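User: Could you walk me through a few local features of this model? I'd like to go residue by residue and then look at pockets.

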Amino acid sequence: MTRGIVEETLAKLGIPMEELGKPLVRKQIAAGAKAGEGKIQDRFEMYSFAHVQRTINDLPIFQSDVKVAVNNYGEIQRLSLEWPKFELNTEARLREREEVLRSAVQQILEQDPDSELTINSNLAYAKVGGEDEFKPVAVIMVNSAPTPYQLLVELSELASGGDK
């Protein structure tokens, strides 16, 4: 039910359906019983919460998603929508693999990781460095004591002179 309500609403708002990632839906349930009873007697679905990440080329877009709260009557109670214009710089070229890896390692070492660190990564698009255009990035998730953290490493740069 929630998924259909969200998709119908987004279509009415003009959001391209091909840019919708798979919705993550969670429900908020209330439960109760008579005073003194140890066993739950009633359950009531209060809200469904949906989070839909925007995707292009099957890659998530950071800073571009929708969050919706739907009540038990199927009515939208809250909607948060961030869907900026998506543009890539056509003058940009992919950075060399070794250069990207060096940059990632340098950023990780600057955080002084412990010896038990684990690293996972994914690809995405994000606005980085205060720029208005989206860029392809490697999302590096670092699990290191005392706190896990995430880095965005740019995968493209502007071509110089004869490199176009």
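**Backbone, pocket and contacts**

Analyst: Asn57 counts as exposed because its relative accessibility is 60%, where exposed means over 50% relative accessible area, buried under 20% and partly exposed in between (1.4 Å probe, protein chains only). This is a predicted model, in which local features need pLDDT of at least 70 and side-chain atom pairs count only at pLDDT 80 or more, while totals for chains, interfaces and linings use all residues. Residues are numbered from 1 along each chain as its sequence is written, and side-chain values use heavy atoms, with hydrogens and water left out.

User: Where is Asn57 found?

Analyst: Asn57 sits in the loop between strand S2 (42-56) and S3, strands being DSSP runs (E, at least two residues) and helices likewise (H or I, at least four), numbered from the N terminus. Asn57 is not a glycine, yet its phi is positive, about 55°.

User: And what about the phi of Asp112?

Analyst: Asp112, also not a glycine, has a positive phi of about 55°. Asp112 belongs to the loop between helix H2 (97-109) and strand S6 (118-126), and it counts as exposed because its relative accessibility is 65%. For background, most residues other than glycine have a negative phi, and most peptide bonds are trans.

User: Which is the peptide bond from Ala145 to Pro146, cis or trans?

Analyst: That bond, from Ala145 to Pro146, is cis, with omega near 5°. Pro146 is placed in the loop between S7 and strand S8 (149-154).

User: Switching to pockets, how much space lies in the largest pocket?

Analyst: The largest pocket holds about 180 Å³. A pocket here is an open set of points on a 1 Å grid over the protein atoms alone where a 1.4 Å probe fits, with protein on both sides within 12 Å along at least five of seven lines, and lining residues have an atom within 4 Å of a point.

User: Which residues lie nearest its centre?

Analyst: Of the 13 lining residues of the largest pocket, Asn89, Ala92, Phe134, Lys135 and Ser156 lie nearest the centre. Strand S5 (92-94), strand S7 (135-143) and S9 each give two or more residues to that lining.

User: Is Ser156 buried or exposed?

Analyst: Ser156 counts as buried because its relative accessibility is 7%, and its place is in strand S9 (residues 156-158). Not counting residues up to four places away in sequence, Ser156 touches Ala92, Arg93, Leu94, Arg95, Lys135 and Pro136, where contact means heavy atoms within 4.5 Å.

Conventions: Points joined across faces, edges and corners; volume = space filled by probe spheres on them.
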